[in-house]
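Visitor: I'm new to reading protein structures. Could you walk me through one?

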Amino acid sequence: MRTLLEKELRENHRWLWVGLALIGSLLWYATPKTLVEGGEPTESLIAVLMLLGATLFALGLGVMQSFADLRTASRSFLFHRSVSIGSIFYSKLISGAIIYFVAAGFPLCLVAIWFSAQGIDYLPVRPIQVYPAAVVALACFGFHPAAMLMLARSGKWFGTKLLPLFSVLPIVAIGIATITTILHGPALHVLIVGLILLGNSILVAAAKHAWVVSVADEGSFPKQPVNIALKVTLSFAAVVFLAIVIWFQVVAAIGVGWLPTDTSNTIEDYAIDTDGSLWWAKSKEIRLEAGLVFISGDRLRKDETPDVRRELPEKLQLGHLGYLTGVRRPDSYFVSEMGWFKKDLTSYFDCRGSVLLYDRTLTPPLQACIARDGSPFAGDPRSRDNEDMFFYDKRGPSFWLDPIGAYRTLGPSLKVETLFELPIQAKAHVIRHESRANKVETREEITILSDGKLHIYRLTDKDDNEWFPERARGTSEFSIREIAVSPPLPPSTWKDIRFHFSDDSKFSVVLTGRRPCFLTYDSKSDTNWTVTSFRNPERDMNDNVQNVVFSILPFLSSIVVAISFAIGMLSNGSSLPSIDSVKYFLQDEYGYVILGTVVVLLSMIGTCYACQRRMLSRSETIRWCCWAVLLGVATPIAVLSIYTRPACARCMGCEKKRRIDLRKCEHCGCEWERPAPMGIEIFDDGLGCEGVREVVSHGI
Amino acid sequence: MLNDLAISAQGLTRYFDDRVVVDQLDLGVPRGSVTGLLGLNGAGKTTTLRMLMGLLTPTRGQSQLLGKDSQQLTAEDRARIGYTVEGHFLYGWMTVRQSEKFQRETFPRWNSAMFESTVRRFGIDPGQKIRVLSRGQRAGVSLALTLAAEPELLILDDPALGLDPVSRAALNETLLDFCNDGMRTVLLSSHLLDDIERVVDRVLVMVHGRLVVNTTIDDFRNRISSWSLEVPPTSRAIHAIPGLVFAKQRGGRTIVTVADSDAETEAAMMRIGADSLERLPITFGEAVVAYLSQSRASDSFFANTGA
């Protein structure tokens with residue numbers, strides 16, 4: 001093994017320099033060198049360029065290592081020796097891994113060292129920012145065994161030979177997930193790395209199998225005579241299927257931006273009237289300063305579909321509902337532009353719980369580091385790690401919200417003071433303009449969803465008057481006061497929460513989703529929510545795109561759906577899916593469940609057909625059909641990839657087509673006819689055809 | 001009897017695409033013999049050797065080397081078998097010495113003296129890179145690497161391809177020395193009939209993927225005869241001669257090569273109108289060429305007469 005490893009390393013070390021040059025140059029391009037380039041996209045850019053470089057390098061290395069030793073002469077020379085083919089395979093794999101990880105790891109380490117040497121005093125960078133790229137590199141190594149598998153297996157290049165490359169894509173997709181889940185805790189990352197290692201291990205096992213078992217099976221069997229019309233039809237169907245898949249991916253990639261949009265500047269949305277009734281109304285922007293004007297609409301009633309084109313009654317006053325949006329945790333190590341503090345200052349949020357202020361005109365540029373629990377301090381915040389602090393959402397330069405509370409920054413001292421502490425799941429900032437005494441007053445409210453309850457806070461001035469005067473914006477001259485709390489919202493799977501809080505302390509809430517409902521609660525008289533369900537009136541473009549994207553999931557496989565469901569739950573900070581969450585999923589996402597079931601059935605039918613084409617036995621067909629339940633449409637593709645279609649010839653016994661690789665006809669049991677003697681055969685006793693045949697009587 | 005065979009095959013068949021290259025081959029090579037495998041290009045020799053070596057999966061049928069299934073050869077089994085690839089593949093970036101080290105560490109029984117003597121016989125400097133060696137020297141290194149592993153069974157795929165006379169002589173001498181003790185089995189594929197005649201004691205002839213000769217070289221010589229007839233060269237009646245291998249025209253007479261001729265063969269030749277019948281001496285090479293020419297029917301009058 002050591003000798004083989006040395007041979008591989010000596011033979012392929014030149015590719016190391018190619019890999020170092022390729023990956024090194026890409027990473028150097030991705031590395032921020034000035035303050036302007038720092039911040040949020042650093043680790044994403046590094047990881048994406050690593051994805052590009054590592055994919056090319058792993059694929060190329062696998063191809064070059066395999067191709068050189070799979071040609072007829074070199075294969076015969078290398079494989080005929082007193083070592084197992086498994087050892088030869090592993091020597092190639094290990095040497096490839098050494099070269100690959102040095103080529104990917106060395107530049108990555110240099111970048112980390114550069115980040116460390118640069119220090120946070122100069123740039124918002126940390127060595128840990130190379131972590132997503134390292135995970136991506138680990139995932140992309142799958143292309144190496146995939147290339148070895150691809151070259152070792154028999155098949156047509158434009159038939160099934162290239163298919164192993166597609167098996168790496170889910171592994172790489174899991175690796176890329178690291179970029180967006182980078183701050184979601186170690187459990188998720190252990191899961192991601194575990195899945196990558198598992199996926200790569202499966203690929204390695206498949207590649208080894210191909211080398212050990214199939215490496216001697218060069219060439220392909222003859223094709224059966226095919227019906228040209230059938231072939232054209234199948235090819236057309238395959239092209240259409242591919243086109244649909246690609247279309248789905250394009251739609252998912254470009255999103256709603258490129259899709260046709262309504263050019264009439266009208267918006268269909270929920271609205272609420274002065275009586276607290278819910279409407280589905282169309283509004284239009286007449287002039288920028290005038291805002292939206294309602295032009296038509298219909299009142300929403302229980303189990304009725306509203307007609308948005310209906311004319312609105314005169315004197316009806318409608319208002320829009322507010323949006324509650326989640327308090328996002330930062331998804332990168334540094335979030336740029338946390339708000340303007342003063343001219344020339346650039347701010348970054350450090351996910352460890354501080355805000356960094358840089359002045360581009362000074363050296364070093366780091367001027368201040370603001371933390372929740374103390375005064376601003378200059379210098380490196382690493383000594384004050386506080387994992388649960390997330391200054392993230394902002395309203396003006398001096399008010400801050402994070403998942404555990406709200407804060408204000410006190411004047412020029414930049415001291416941070418806690419306004420309240422509450423676990424915050426979602427929040428809304430409502431600004432109201434009201435005319436009073438010929439003067440437009442701005443009133444501001446903060447609505448927070450905490451433990452299922454809605455909390456309404458009002459911004460007041462420092463003397464705790466009713467409203468926070470606009471002139472105080474940008475200063476710390478304000479306070480905050482809770483004015484109402486709702487009962488807990490009923491448990492349900494909703495997509496958005498739309499809400500309205502009236503001057504007379506009435507809550508109106510719309511939970512949107514597949515089964516929307518309207519909830520009202522008067523904090524002065526009611527004890528709980530009054531719930532009215534209605535039919536979903538909206539189907540906007542975003543929903544359609546989302547539906548299309550989600551519809552792809554069942555096409556993949558049950559395993560992929562389950563894994564994505566579990567990762568989704570874990571990345572949201574939840575524990576393992578509860579029975580209730582699964583129940584709600586099945587109730588609300590029944591469309592996907594039905595689609596998934598149809599896909600599974602189609603996959604099983606396709607698998608049966610593929611097994612029939614490959615002439616597999618009944619037990620093998622049943623086994624593959626069971627896999628189809630788990631793996632979906634990948635299963636028939638796998639069957640077609642793994643098994644070669646056996647060629648057939650006409651049987652002299654039964655006249656039917658029989659497999660040429662079996663000794664006896666599968667239809668009539670007839671053996672192959674001996675070629676007729678030419679009359680010139682010269683064999684000495686016992687070593688002619690019959691002699692050898694008599695000695696060895698066991699057949700295939 | 002199977003234990004006396006170093007190589008055996010039963011119904012060995014291989015297709016490439018829709019073409020059958022080796023067709024239901026039954027084969028036996030006794031232990032201790034030196035056997036030559038002959039055939040035209042494309043007759044299926046290399047395919048057969050690669051199937052025997054377990055480097056190519058047969059479409060059907062099976063074969064055994066030293067009593068082990070060719071497709072199930074273990075590392076230990078391969079250590080007992082030497083194999084040189086057609087074209088003498090070696091790693092060009094290695095030196096001769098590095099090649100020896102690479103081979104030595106992947107074969108347990110290594111005879112350094114054998115390697116050195118073989119390399120010396122071909123006039124090779126062990127410090128040279130493989131890529132700068134001549135074709136003959138490369139063949140020498142290849143042979144040295146194979147023989148130094150002290151195999152019980154040696155399979156050589158056209159080792160003399162493209163070699164100059166001196167290198168061919170060195171190759172033959174090395175092989176004769178190697179087989180001197182009569183304990184080793186050699187299967188040698190080649191187009192060089194003189195070399196084959198000098199080295200081997202058995203001969204196999206393949207025609208269109210089928211084995212038509214498998215016997216000792218003496219038996220082969222004895223059972224092939226050549227006759228000169230006075231018959232029209234285009235006569236279809238010539239095919240009535242039993243055991244007719246090949247017929248050709250020479251100076252107004254027809255020369256026929258016949259397998260296993262007897263009184264009936266002579267009578268058949270007389271019946272087709274041969275006025276004078278003359279038995280000609282035939283060499284091993286001529287006999288083999290007759291077999292091989294028969295398979296290449298397109299450029300012979302043999303084909304034009306309805307063969």
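Visitor: Is B:Leu90 buried or exposed?

Guide: Keep in mind that this is a predicted model. To judge burial, we count the neighbours around a residue; 20 or more other C-beta atoms within 10 Å make it buried. B:Leu90 has 23 such atoms within 10 Å, so it is buried.

Visitor: Where is B:Leu90 found in chain B?

Guide: Look at the loop between β6 (81–84) and α3 (96–104) of chain B.

Visitor: Which residues does B:Leu90 touch, leaving out those up to four places away in sequence?

Guide: They are B:Ser99, B:Ile130, B:Arg138, B:Val141 and B:Ser142. Take B:Arg138: it sits 48 residues from B:Leu90 along the chain, yet their C-alpha atoms are separated by 7.9 Å.

Visitor: What does helix α5 of chain B lie across?

Guide: Helix α5 (residues 135–147) lies across β6 and β7 (153–157) of chain B, and runs at about 170° to β6(B).

Visitor: How do I read the sheet, and what is the order of its strands?

Guide: Follow the strands from one side to the other. The order is β24(A)-β10(B)-β9(B)-β3(B)-β8(B)-β7(B)-β6(B), an open sheet of seven strands with mixed pairing. Its edge strands, β24 (682–683) of chain A and β6 of chain B, each pair on one side only.

Visitor: How many bridges join β24(A) to β10(B)?

Guide: Two bridges join them, and these strands run parallel. Here A:Phe683 stands opposite B:Asn214 in β10(B).

Visitor: How many residues does each chain give to the contact?

Guide: Chain B gives 50 residues and chain A gives 46. On the side of chain B that touches chain A, β10(B) supplies the largest share, six residues.

Definitions and conventions:
Residues are numbered from 1 along each chain as its sequence is written. Chains are lettered from A and ligands numbered from 1 in the order in which they are written. This is a predicted model: local features need pLDDT of at least 70, side-chain atom pairs count only at pLDDT 80 or more; totals for chains, interfaces and linings use all residues. Helices (H or I, at least four residues) and strands (E, at least two) are DSSP runs, numbered from the N terminus. A residue is buried if 20 or more other C-beta atoms lie within 10 Å of its own, exposed if 12 or fewer, and partly exposed in between; C-beta atoms are placed from the backbone. Two residues are in contact if their C-beta atoms, placed from the backbone, lie within 7 Å. Two strands pair if DSSP finds at least two bridges between them. Axes are lines fitted to C-alpha atoms, for helices over the stretch in contact, and angles run from 0 to 180 degrees between N-to-C directions.
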